[in-house]
Amino acid sequence: MLDMCPHRHAPLSLGKLVGDSVQCGYHGITFDCTGKCVRIPGESRILEVDARDDGRIDAAAAAQVDHAASSGRGSENGRHAAAYVAGSIGIAGLAVGVVTGLMTMQAANTYKDHCVSGQCDSDGLDAASTGRTLQVVSPIGFVVGAIGIGTGAWLWFTAPSPTSARAFVAPAVAPGTAGVSLRGAF
Ligand code: FES
């Protein structure tokens, strides 16, 4: 197996081990221990690229992998954005739950102060009415908060893991020329 990803020629030794496989650190293509491609981020199909032979794939296959890799990053970014939205809704719901909970306690105290033996003055009646409304709103706020934060955490932690950004030197071989090229992972 070559120490060179057939996609954009990143050294596979700079990738990471995932079980018995190695994941390229550039776009995240994973190869098994024989050098056969077993996974491409954001791509359900397995393309016929592998790190077993001369380390080259044709331009069309490379473009397909570029597209698949960028789709994978798009999916990761989309899930992170959705996690932010869900988390924000959850935090807002939690805030509503806490504030309305405190207001419910305040209304209960007002009710106690202004109602004696079931007889209430106007402040006591207002507090009773407000308290009944808040008693419904507060739990709803807590439920929305829990669901939003839970969903946000799930979206965040189940998003596809990004491949690390790095620069590397890769061999550049073409008919009649040979050298090295500096490449960056973006
Ligand atoms: S260079 Fe290895 S996945 Fe693109």
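These notebook entries record what I looked up in the structure.

**Entry 1: the model.** I noted that this is a predicted model, in which local features need pLDDT of at least 70, side-chain atom pairs count only at pLDDT 80 or more, and totals for chains, interfaces and linings use all residues. I used the numbering that starts from 1 along each chain as its sequence is written.

**Entry 2: the elements.** I found two helices and eight strands in the chain. I took both as DSSP runs numbered from the N terminus, with helices being H or I of at least four residues and strands being E of at least two. Read from the N terminus, the elements follow the order β-β-β-β-α-β-β-α-β-β.

**Entry 3: the chain as a whole.** I looked up burial and found that 24% of the 186 residues are buried. A residue is buried if 20 or more other C-beta atoms lie within 10 Å of its own, exposed if 12 or fewer, and partly exposed in between, with C-beta atoms placed from the backbone. I then turned to contacts, where two residues count if their C-beta atoms, placed from the backbone, lie within 7 Å. Among contacts between residues at least 6 apart in sequence, 54% join residues at least 24 apart.

**Entry 4: the sheet.** I traced an open sheet of four strands in the order β1-β2-β3-β4, with antiparallel pairing. The edges are β1 (16-18) and β4 (37-39), each with a single partner strand, so one side of each has no neighbour in the sheet. Strands pair here if DSSP finds at least two bridges between them. I checked β3 (residues 30-31) and found two bridges joining this strand to β4, antiparallel to one another. Thr30 is opposite Arg39 in β4.

**Entry 5: positive phi.** I recalled that most residues other than glycine have a negative phi. I looked up two residues with a positive value. His9 has a phi near 70° and lies in the segment before β1. His9 is buried, with 22 other C-beta atoms within 10 Å. Ser117 has a phi of about 50° and sits in the loop between β5 (115-116) and β6 (119-120). Ser117 is exposed, with 5 other C-beta atoms within 10 Å.

**Entry 6: helix α2.** I found that α2 (residues 122-157) has 36 residues and reaches 52 Å from its first C-alpha to its last. This is close to the 52 Å expected at 1.5 Å a residue, the expected span being 1.5 Å times one less than the number of residues. The buried residues I noted in α2 include Ala127, Leu134 and Ser138, as well as Gly141, Gly145, Gly148 and Gly152. An α-helix has 3.6 residues a turn, so residues three or four places apart point the same way.

**Entry 7: separations in space.** I looked up Ala108, which lies in helix α1 (residues 59-114) and is partly exposed, with 16 other C-beta atoms within 10 Å. Ala108 and Ala127 are 19 residues apart in sequence, and their C-alpha atoms are 6.9 Å apart. Ala146, in helix α2, is partly exposed with 14 C-beta neighbours inside 10 Å. From Ala146 to Ile91 I read 8.5 Å, C-alpha to C-alpha, across 55 residues of sequence. Asp121 lies in the loop between β6 and α2 and is exposed, with 12 other C-beta atoms within 10 Å. The C-alpha atoms of Asp121 and Tyr111 are separated by 9.2 Å, the two residues being ten apart along the chain.
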